[in-house]
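Hi,

Here is the structure I promised to pass on.

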Amino acid sequence: MFIHDNFVRPYLGDVLVVIVLYTAIRIIIPVKYALLPLYLFIFAVGVEVLQYFKLVQVLGLQNNSFFRIILGSTFDWKDILCYGVGCAILGVYEWRVRYRR
């Protein structure tokens, strides 16, 4: 919202958003789920698909900056790739924690 660059906000931010969601879920549900990164990826892609169908405009929320930021307003394949990178990082983390012994 306040950063206007060409890398951190659009790419690194999308990688970090799935990591932050993972962390928030793990705080609430501390049990390790090996497939949680996959579930987060499916959720993130679902949100991106809703952007493709312009959900913010359909709901009439295009003038509300909070919902425009939370739901997003533009579909981009690169976002899905970044979500995949973030979930891959989480998958490696889950695997390492699970099989560290």
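A definition before anything else: in the charge count, Lys and Arg are positive and Asp and Glu negative, with His and the chain ends left out. Each charge is placed at NZ of Lys, CZ of Arg, CG of Asp or CD of Glu. Counted that way, the protein has 10 positive and 6 negative side chains, and the centres of the two sets are 12 Å apart.

Please keep in mind that this is a predicted model, where local features need pLDDT of at least 70, side-chain atom pairs count only at pLDDT 80 or more, and totals for chains, interfaces and linings use all residues. Residues are numbered from 1 along each chain as its sequence is written, and side-chain values use heavy atoms, without hydrogens or water.

**The overall picture**

There are five helices and zero strands, so the order from the N terminus is simply α-α-α-α-α (helices are DSSP runs of H or I with at least four residues, strands are runs of E with at least two, and numbering starts at the N terminus). The C-alpha atoms fill a box of roughly 50 × 25 × 20 Å along the principal axes. The accessible surface is about 7500 Å², and 70% of that belongs to carbon and sulfur atoms (areas by the Shrake-Rupley method with a 1.4 Å probe; for residues, only the protein chains shown count as cover).

Of the 101 residues, 23% are buried. Buried here means under 20% relative accessible area, exposed means over 50%, and partly exposed is in between, with a 1.4 Å probe and protein chains only. Among contacts with a separation of 6 or more, 68% are between residues 24 or more positions apart (a contact is heavy atoms within 4.5 Å).

**Helix H5**

H5 covers residues 77-98, and its 22 residues should span 32 Å at 1.5 Å a residue; the end C-alpha atoms are 31 Å apart, which agrees (the expected span is 1.5 Å times one less than the number of residues). Which residues of H5 are buried? They are Asp-79, Ile-80, Cys-82, Tyr-83, Gly-86, Cys-87, Leu-90, Glu-94 and Val-97. These cover an arc of only 160° around the axis, which puts them on the same side of H5 (the arc is taken from the directions from the helix axis to the C-beta atoms). The face turned away from that buried side carries the exposed residues Trp-77, Leu-81, Trp-95 and Arg-96. The cover over the buried residues of H5 includes helix H1 (8-28) and helix H2 (36-52).

Gly-86 counts as buried at 0% relative accessibility, and beyond four places in sequence it touches Val-15, Val-18 and Ile-19. Glu-94 counts as buried at 3%; leaving out residues up to four places away, Glu-94 touches Tyr-22, Arg-26, Lys-32, Tyr-33, Ala-34 and Pro-37.

Asp-14 lies in helix H1 and is buried, with a relative accessible area of 10%. Again not counting residues up to four places away, Asp-14 touches Arg-9, Asp-79, Cys-82 and Tyr-83.

**H2 and what follows**

H2 has 17 residues and reaches 24 Å from its first C-alpha to its last, close to the 24 Å expected. Its buried residues are Leu-36, Pro-37, Leu-40, Ala-44, Val-45, Glu-48 and Gln-51, and what covers them includes H1, H4 and H5.

Most residues other than glycine have a negative phi. Lys-54 is found in the loop between H2 and helix H3 (55-58), and is partly exposed with a relative accessible area of 45%.

Phe-75 lies in the loop between helix H4 (65-71) and H5, and counts as partly exposed at 25% relative accessibility. Leaving aside neighbours within four places in sequence, Phe-75 is in contact with Glu-48, Gln-51, Tyr-52 and Ile-80. The C-alpha atoms of Phe-75 and Ala-88 are 13 residues apart along the chain and separated by 21 Å.

Cheers
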